Amino acid sequence: MDHDAFASLAVLQLSSPCRLLPPACCPDKDLVVLVSRLGGRDRLTLWKMQGTKKWDIEVECDESSIESVSALAWSPCGQTIAVSHGFSRVTLHSVQDGRIERSLTIPASSRNSEQQHRITGAWWFPGCRDLPRSTIPDIFKRNEINTGSALSILKVLPLLDPLREEDHKLTATDLFAFQGTQTGAALKLSLPEVISNWPSLLPDPSLASLCPPILIDEQGKTAKETQIYVSAEGENSLLVIADDNGKLHCFLDGSYYLGPISTLPSTVPTAVFKDPKQPLLLLHPRASASDLLSATFAPLSVDLPLLASHRIRDFARLSSAARELTWYVMRVIEDLREVWFGSGSLTGAREAGLKWIQLLETRLRDQFGQKEPSAILELTGLLVAGLCSEGLSDFLSSSEQMSERALQKWESTVTDALIKLRDFSTLRLVPALQRLHIIFEEVRGWSLIPQFTLFGFNTDDITHCLSSLKQGIFIANLLAFQARGELGSFKHFLSFLRYEIALAGNSPETRSPPEHDILEVNHYLMSGLKTSQIDRWFTGPAPQFDTGDLGLPRHNTDTNKVLEEALEQAHTALQDPSQTSWQPKVSTADKSHLDRNLWVLVHDLAVRCQRVFAHVSKATARSAIVSGSGDATPFQAEASETVSSGACQFVRERVVRRNELDNHLQHLAIYLASEMRPLFCLTRTPYAKCAAGVPLHIDVTVMESSIVGHDPGDVTDVHLCNAEFFDDEILVIVYKVRGVDGPMFAATVHYSALEYQTQSEEDVNGPARKDMIDNVLQRLNEGHVSLKPIPIKRRRQLTACRDGSVSLAVNGRVGRRVVCILDGDGTTMDILDMEGDEDMETEDESEMDSTG
């Protein structure tokens with residue numbers, strides 16, 4: 001046995017107590033994550049294995065709650081860390097700087113929305129890259145976009161302009177403060193609930209034919225938003241979150257929610273394993289988190305048949321594009337409403353005319369004694385008959401509001417607002433709604449295909465969304481027409497005011513000819529100055545009209561009947577030559593009564609669209625097949641006479657793939673720390689019948705808590721502090737000599753080379769691991785099982801850890817074989833290089849750092 005076999009990479013002295021979770025080591029980089037608590041909140045700290053800190057961030061949480069980090073999971077590419085926060089929230093952090101790339105919310109159960117269940121584990125599995133798509137080879141690089149689909153149409157359309165809401169608005173402090181004195185705050189774009197709960201992949205504006213948003217940093221420099229790209233390893237990956245109610249929550253690519261999968265109520269899965277070649281999950285539920293041996297030794301299988309094809313990902317891309325377009329439409333209409341009506345920090349163009357009217361009527365009332373002054377009546381008399389009252393003449397000639405500077409400000413405010421209403425409706429709102437209509441046309445096509453019955457499309461909601469989109473396109477075009485007409489009337493009105501102001505201050509001989517149209521000015525006085533028609537696009541009830549109210553023919557919603565009606569009309573037109581003349585029938589019906597509240601329409605449309613995609617996204621969970629034998633059914637662990645309560649110190653498990661049979665073996669490491677006879681038990685169970693949940697047999701080896709020295713008779717009793725499976729062959733243990741306050745040691749055990757004794761499943765009297773341990777101990781007492789010391793191959797004395805409990809995190813990947821050991825106080829951590837020896841500690845640290 002080699003006593004100093006491993007090289008020490010670093011010994012970290014931590015400023016505050018930390019926690020080391022088992023999956024803390026990055027799979028493909030020399031990085032490790034520690035969790036600390038400061039001021040009632042958890043913090044994440046990323047360390048390099050060589051002992052330098054990379055970043056330190058505070059875990060964000062609600063002000064009314066105190067969340068704690070309950071689980072960690074690394075993405076297969078090692079670029080993202082998934083952090084679960086106690087109950088229903090998961091955040092994805094970038095490994096570069098720790099910033100939150102995305103926040104995931106697990107929806108509450110519809111049956112009991114108030115009850116929340118705590119997250120107990122997180123696992124992130126790589127995806128299958130060879131999903132079948134088509135027998136025809138893809139000779140063109142189309143990025144998995146089918147020719148003729150909605151996404152292929154959006155791909156060739158011009159990109160819509162980005163919105164300014166996402167820009168960093170510079171304040172006076174940003175402009176005039178000395179460099180380095182201003183306190184910069186992170187730009188946070190608050191998402192409404194309908195958008196935050198919309199299932200989607202990582203944001204990709206180009207997928208929805210949108211330009212990436214342009215952001216302005218704290219120095220006022222323009223910079224494009226950092227795009228999040230999915231690597232080949234992360235594509236089709238599956239993030240699995242487990243709670244204490246026996247539910248699994250799956251996220252495709254760590255982002256797209258696939259719904260809750262119910263396994264066994266009121267249970268906690270010890271670990272989740274995914275078959276690398278098929279969408280099959282295996283887990284062992286246990287009654288509670290504290291009872292380590294209550295878990296079943298037979299696996300429970302969860303088959304996800306919809307993930308066996310590319311259909312879920314194709315629909316997820318549709319959902320992502322629809323989310324981007326809907327959020328774009330909501331921000332456009334919010335911007336238009338803010339420009340017209342104003343907000344807390346911005347005065348709307350609608351208020352300019354009202355304030356002018358109020359000031360005129362106030363002067364007529366206070367200074368000229370009119371009890372009920374009417375500004376519209378005064379201006380109409382001046383426009384039509386040239387009658388100017390004394391009060392109006394005084395207001396035009398001496399009022400501060402009639403100065404050229406005030407008129408220019410009024411003109412620029414209203415003109416800019418009307419131009420924005422006109423251009424945004426034509427160039428942004430209508431194209432975005434048309435693109436969203438293209439997506440929903442494809443969704444309706446999906447709903448009509450029998451192969452997609454498992455998706456559970458709601459055809460009524462889809463039809464309603466298409467109808468609302470048609471209404472939105474018509475109303476948005478009508479808004480542009482209305483803004484264009486009101487802009488012309490407003491210019492004539494200002495020309496009229498300037499003409500009358502010049503007339504009030506000059507003699508009649510110097511009167512210049514008028515340049516305004518009396519009808520346009522009168523139109524603005526009646527329907528623009530005091531009460532504008534544009535208000536109807538943001539106030540009033542939601543539109544309820546259909547194509548028949550617009551003078552268009554009403555068609556049946558059935559596609560076949562619509563085609564029959566079109567053919568019948570064409571046949572009738574050919575029979576009667578008069579119907580083919582170039583004189584279309586123009587409907588003269590009045591359309592002014594139609595509701596046109598685009599604000600309500602867009603928000604109702606967003607809610608209904610989100611409901612369509614959210615329901616379909618959970619089809620994977622609804623179609624999941626949960627199966628198991630009688631040993632993997634709901635159970636109630638009974639008290640054991642052989643294994644006392646609290647005797648089990650820890651249970652570690654690992655699933656190893658056996659290449660020759662393409663099968664998998666589940667290994668368990670169980671430590672029973674009884675005072676009279678501490679035992680270390682290793683088991684091996686094949687997953688040959690994993691779909692049925694029945695193990696063929698259980699191989700067991702039981703060892704004494706002792707090690708053998710250099711001499712054959714030199715046996716030392718030890719106490720195991722912790723253990724963790726390192727790879728498919730090696731188990732890492734941390735121990736100290738029993739009864740001595742001396743140092744701790746880290747050692748390796750080749751568990752794959754041990755001699756196991758086969759134990760048939762018929763010998764076990766119950767479904768739980770506790771029943772298996774009872775049978776092993778009974779056979780041990782009867783002399784059918786032999787005890788041996790722990791066969792340690794290599795070990796090293798730890799520098800930092802000397803007493804108490806320890807936490808372990810390992811990385812057994814080739815080229816990254818390290819072990820992190822944190823002492824019980826959480827203030828000192830040993831980092832060991834399992835491939836290096838003591839002589840390698842003198843190597844240059846910069847060379848090690850370059851590998852990370």
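These legends walk through several close-up views of one predicted protein model.

**Before you start: how to read the views.** Residues are numbered from 1 along each chain as its sequence is written, and side-chain values use heavy atoms, with hydrogens and water left out. Because this is a predicted model, local features need pLDDT of at least 70 and side-chain atom pairs count only at pLDDT 80 or more, while totals for chains, interfaces and linings use all residues.

**View 1. The whole protein chain.** Welcome to a chain with 15 helices and 32 strands. Helices (H or I, at least four residues) and strands (E, at least two) are DSSP runs, numbered from the N terminus. Of the 852 residues, 49% are buried; buried means under 20% relative accessible area, exposed over 50% and partly exposed in between, with a 1.4 Å probe and protein chains only. The accessible surface comes to about 41,600 Å², and carbon and sulfur atoms hold 51% of this area. Accessible areas come from the Shrake-Rupley method with a 1.4 Å probe; for residues, only the protein chains shown count as cover. Among the contacts with a separation of 6 or more, 66% join residues 24 or more positions apart, where contact means heavy atoms within 4.5 Å.

View 2. The pLDDT, which is the predictor's confidence in each residue from 0 to 100, averages 80 over the protein chain, and 79% of the residues score at least 70. Residues 165–170 have a pLDDT below 50, with 20 contacts in the model beyond near neighbours in sequence. Another stretch with pLDDT below 50 covers residues 629–637, and here the model has 24 such contacts beyond near neighbours in sequence. Where pLDDT is low, the predicted coordinates should not be read in detail.

**View 3. Phe341 meets Phe538.** The whole structure holds 23 aromatic pairs. Rings of Phe, Tyr and Trp (its six-membered ring) pair if their centres lie within 6.5 Å; planes under 30 degrees apart count as stacked, over 60 as edge-to-face and the rest as tilted. In the pair shown here, the ring centres of Phe341 and Phe538 are 6.0 Å apart and the planes stand at 90°, so the arrangement is edge-to-face. The two partners are 197 residues apart: Phe341 belongs to helix H4 (residues 311–341), and Phe538 to the loop between helix H10 (518–527) and helix H11 (559–575). Phe341 is partly exposed at 27% relative accessibility, whereas Phe538 is buried at 4%.

**View 4. An aromatic cluster, and charges over rings.** Trp198, Phe315, Phe440, Trp446, Phe452, Phe455, Phe457 and Phe613 come together as one aromatic cluster. Look for Arg311 over the face of Phe452, 5.1 Å from the ring centre. A charge sits over a ring if NZ of Lys or CZ of Arg is within 6 Å of the ring centre and within 35 degrees of the ring normal. Elsewhere, the charged end of Arg795 sits over the ring of Phe745, at 4.3 Å from its centre.

**View 5. Cysteines without a bond.** A search of the whole structure finds zero disulfides, a disulfide being a pair of cysteine sulfur atoms within 2.5 Å. The closest cysteine sulfur to that of Cys465 is in Cys609, at 3.6 Å, which is too far for a bond. Cys465 is buried, at 0% relative accessibility, while Cys211 is partly exposed, at 25%.

**View 6. Two serines with positive phi.** Ser209 is not a glycine, yet has a positive phi of about 60°. This serine lies in the loop between helix H3 (193–196) and strand S11 (214–216) and is buried, at 0% relative accessibility. Ser266 also has a positive phi, near 60°, and is found in the loop between strand S15 (256–262) and strand S16 (268–274). Ser266 is exposed, with a relative accessible area of 51%.

View 7. Pro285 is part of strand S17 (residues 280–286) and is buried, at 0% relative accessible area. Thr296 is eleven residues away from Pro285 along the chain, and their C-alpha atoms are separated by 6.2 Å. His284, also found in strand S17, is buried at 1% relative accessibility.
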